[in-house]
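Please look at the structure below before reading on.

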Amino acid sequence: MNEPAPPRRVYVAGLSHETNSFSPMPTAIRNFEQDVCYRPTDPARREPALAFPGYGDAVSVVRDHGDLVIEGPFFWTQPSGPMPIALYESLCGDILSGLAAAGPVDMVVLNLHGAMMARGLSDCEGDLLARMRAQLGWAVPVGALLDLHGNVSPRMIESGAILIGVKEYPHIDYRERAEELYRVLCDMAAGAAHPVTTLLPVPVLSLQGTTEQPMRGLVDDLQQYERLDGILSVTLMHGFPWADGEHTGASVLVVSDGDREGAVLALAEEIASRFTDIVAGQPVERLGVTQAVDEALATSPGSGPVMIADSSDNPGGGAACDSTFLLQELVKRDVRNVAVGMIWDPQAATLAADAGVGACLPIRIGGKVGPMSGDPIDLDVEVLNVRSDARQRVFSDEPNDPLGLAVLLRAGGIEIVVNSHRQQVFSTECFSEMGVDLAAKSLVVVKSSQHFRASFDRLSRRTIYCDGPGTLTTDLEHLPYRSLGVTRRGAMFAVDRPVMASRFPKAGSNS
Ligand SMILES: [Zn+2]
């Protein structure tokens, strides 16, 4: 009888930041410490790391295979501006020194983003992966989970890392992608697969949800493509248009078993062409502030609220989360039976909490952080609720993401959630935990672009995407790009650069 194979030793770590070059929010160690800043020497910070999609999923997938997880650091903070280079060096250094301290490992699984930038370093993931490879040598398989909003560089694949991004936006498929990645790494470690990664940049900038057609069909087909002979994984990276770097844009990543040059390139080109056609067809209508409210009010009655996604002020893409454009419009029109959330304004939240439940007070909300946030709004409000223990769900069964100090304010027919912990609305708990009866509302405005749909779609009647002024405007032509040449081509935005596929390992090499 064969002895069972001993468990493999797998180092799991991560550094994930979606960097917005135009964000008014700086990125400091304080931000990571408020969100996720886990070093295994500090077990008190372990729970938020394990609850975070990607890192926690990777840890549990490795364990489920009966292998030994050697936990390395994991760092994540809300999207914001480029971090100081010293901060990047310090966090990257923690991951590399954790790997050195781990002793011999059989595999490495990382949770990265793909759109991380430091001041003076526009391709942090490429740098981190290259340094890891230099330290580790070429014998150990390395894999990284990416957010589909990452901008993939040739340097990233030249590190020999297997890169697999989530396919869904909302990003509900981290667990499945972690399993996919681990399968490839295990086959690679066992010599049962010889992965070759092909990267085909697609010079298109856009924001595409995957909940509706035609994107839904393309995502479903990605999984069909993976059934083709010799294809191990197919990722369509949408890219992150607000990171102003040399490699910003969409891309297709195909991991094949062995170099199947022509066939893989043809597949990548087919996916790229389908994606470009979808973007050019502009399936998502994005309305200005006035038109979005017009459209919401004109929606025929039915059960559940109409949703307006205040996409341009989504902190999940690096915006401040305190713009007032939609709130001003709703107040001006005296719209009733509305909920708005969550506006990030720690000062207003503290004032209202100090006044206490039942208090009526004049208060100034929002419009404080940057020129893209509009003016503050002065309202007479009643404090309906104060909580410091409310949490929302981030694609999880249990609420795991603290809202900080949160207050529910009523001004006329509008209920407003204001909180102290800057974050986008992922789940209905942002309102229901505060006592808002969402099902009874006729209109709900959320600071989010798309992730909220994973939780709200079962409740809402309709979703309207609003593209008001703000850091995350999709009117890319007017953003002050420096590294990218952005042009409008017909209905879509494109970057000016030739498209050439990179493949690793190169044909004929045997690394
Ligand atoms: Zn994303």
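Helix 3 passes helix 7 in a right-handed crossing, where right-handed means that the near helix is turned clockwise from the far one by less than a right angle, and left-handed that it is turned anticlockwise. The model is a predicted one, in which local features need pLDDT of at least 70 and side-chain atom pairs count only at pLDDT 80 or more, while totals for chains, interfaces and linings use all residues. Residues are numbered from 1 along each chain as its sequence is written.

The axes of helix 3 and helix 7 come within 9 Å and cross at roughly 50°; these axes are lines fitted to C-alpha atoms over the stretch in contact, with angles running from 0 to 180 degrees between N-to-C directions. The two helices are therefore oblique to each other, since angles under 35 degrees count as roughly parallel, over 145 as roughly antiparallel, 65 to 115 as roughly perpendicular and the rest as oblique. On the side of helix 3, Asp 57, Ala 58, Val 61 and Val 62 meet Tyr 174, Arg 175, Ala 178, Glu 179 and Tyr 182 of helix 7, a contact being two C-beta atoms, placed from the backbone, within 7 Å. Helices (H or I, at least four residues) and strands (E, at least two) are DSSP runs numbered from the N terminus.

Helix 3 covers residues 55-64, and because seven of its ten residues are buried, it is largely enclosed by the rest of the structure. A residue is buried if 20 or more other C-beta atoms lie within 10 Å of its own, exposed if 12 or fewer, and partly exposed in between. The buried residues are Tyr 55, Gly 56, Asp 57, Ala 58, Val 59, Val 61 and Val 62. Their cover includes, besides helix 7 (174-189), strand 1 (9-16), helix 2 (46-51), strand 3 (68-76), strand 4 (107-111) and strand 5 (142-146). Just after helix 3, Gly 66 takes a positive phi of about 80°.

Strand 5, one of the elements covering helix 3, also pairs with strand 6. Two strands pair if DSSP finds at least two bridges between them, and the table sets this pair beside another one.

| Strand 5 and strand 6 | parallel | four | Ala 144 with Leu 163 |

Elsewhere, Ser 256 lies in strand 10 (residues 250-257) and is buried, with 24 other C-beta atoms within 10 Å. Leaving aside residues up to four places away in sequence, Ser 256 touches Val 196, Thr 198, Gly 230, Ile 231, Leu 232 and Val 264.

Over the whole protein there are 14 helices and 24 strands, and 53% of the 511 residues count as buried. Among contacts between residues at least 6 apart in sequence, 76% join residues at least 24 apart. The C-alpha trace spans about 75 × 50 × 45 Å along its principal axes.
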